[in-house]
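Me: I have a model open and would like to go through it with you. Could you start with the terms, and then move on to the fold?

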Amino acid sequence: AWCRELDRFFRAAARFLPPGGPMVLMMADSAVGDVAIRADEVAAEVGRACGLWPAARASQPRPHFHGPTARAFRDRPR
């Protein structure tokens, strides 16, 4: 469901971007139970399907404060 909503957002935003125009998107990682959802990976995949091509990604290590989703990020931190 989240990918479908992101797809709808990208397609709507793309209608207003000039050809080749930049879009800056700031998103945080999330988790569903023990499964990590990496925002940069999902946004790049959905963006490409909408004709938007990622030019750069950035992230930084941060402490994890949400106990119920800590296991999702155990092997590869946020």
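Reply: Contact, as used here, means heavy atoms within 4.5 Å, and helices (H or I, at least four residues) and strands (E, at least two) are DSSP runs numbered from the N terminus. This is a predicted model, in which local features need pLDDT of at least 70 and side-chain atom pairs count only at pLDDT 80 or more, while totals for chains, interfaces and linings use all residues. Residues are numbered from 1 along each chain as its sequence is written, and side-chain values use heavy atoms, with hydrogens and water left out.

Me: ok, what pattern does the protein follow along the sequence?

Reply: The pattern is α-β-β-α, made up of two helices and two strands. The C-alpha atoms fill a box of roughly 40 × 25 × 15 Å along the principal axes. Among contacts between residues at least 6 apart in sequence, 59% join residues at least 24 apart.

Me: and how much of the protein counts as buried?

Reply: Of the 78 residues, 21% count as buried, where buried means under 20% relative accessible area, exposed means over 50%, and partly exposed lies in between (1.4 Å probe, protein chains only).

Me: which residues of helix 2 are buried, and what do they pack against?

Reply: The buried residues of helix 2 are Ala39, Val42, Ala43, Ala44, Val46 and Gly47, and they pack against helix 1 and strand 2 (35–37). Just after helix 2, Gly51 takes a positive phi of about 85°.

Me: which residues make up the largest nonpolar core?

Reply: That core has six residues, namely Leu6, Phe10, Val42, Ala43, Val46 and Cys50; a nonpolar core is a set of buried Ala, Val, Leu, Ile, Met, Phe, Trp, Tyr and Cys residues joined through side-chain atoms within 4.5 Å. Helix 1 (2–14) and helix 2 (39–49) are the elements that give two or more residues to this core, with the largest share, three residues, coming from helix 2.

Me: what is Phe10 in contact with?

Reply: Leaving aside neighbours within four places in sequence, Phe10 is in contact with Met23, Leu25, Ala43, Val46, Gly47, Cys50 and Leu52.

Me: switching to the outside, which residues form a nonpolar patch on the surface?

Reply: The patch is formed by Trp2, Phe9, Leu25 and Met27, which together have about 350 Å² of accessible area. Patches are made of residues with over 30% relative accessible area and no salt bridge, like charges being joined within 9 Å and nonpolar side chains (Val, Leu, Ile, Met, Phe, Trp, Tyr) within 5 Å. Accessible areas come from the Shrake-Rupley method with a 1.4 Å probe, and for residues only the protein chains shown count as cover. Met27 is found in the loop between helix 1 and strand 1 (30–32), and counts as partly exposed because its relative accessibility is 31%.

Me: how many salt bridges are there?

Reply: The count comes to six, a salt bridge being a side-chain nitrogen of Lys or Arg within 4 Å of a carboxyl oxygen of Asp or Glu. One of them joins Asp7 and Arg11, with the closest N and O atoms 2.8 Å apart; these two are four residues apart in helix 1, so they are separated by about one helical turn.

Me: which pairs link distant parts of the chain?

Reply: Among them is the pair of Arg71 and Asp34, whose side chains meet in a salt bridge (2.2 Å, N to O), with Arg71 in the segment after helix 2 and Asp34 in the loop between strand 1 and strand 2, 37 residues apart. Arg76 forms a salt bridge with Glu41, the closest N and O atoms being 2.7 Å apart, and this pair links the segment after helix 2 with helix 2 itself across 35 residues. Arg76 is partly exposed at 44% relative accessible area, and Glu41 is partly exposed at 35%.

Me: and Arg38, buried or exposed?

Reply: Arg38 is buried yet has no salt bridge, and the nearest side chain of opposite charge, Asp29, is 4.1 Å away; in this count Lys and Arg are positive and Asp and Glu negative, while His and the chain ends are not counted. Arg38 lies in the loop between strand 2 and helix 2 and, not counting residues up to four places away in sequence, touches Asp29, Ala72, Phe73, Arg76, Pro77 and Arg78.

Me: what does Arg62 touch?

Reply: With residues up to four places away in sequence set aside, Arg62 touches Asp29 and Arg78. The C-alpha atoms of Arg62 and Arg78 are separated by 6.6 Å, although the two are 16 residues apart along the chain.
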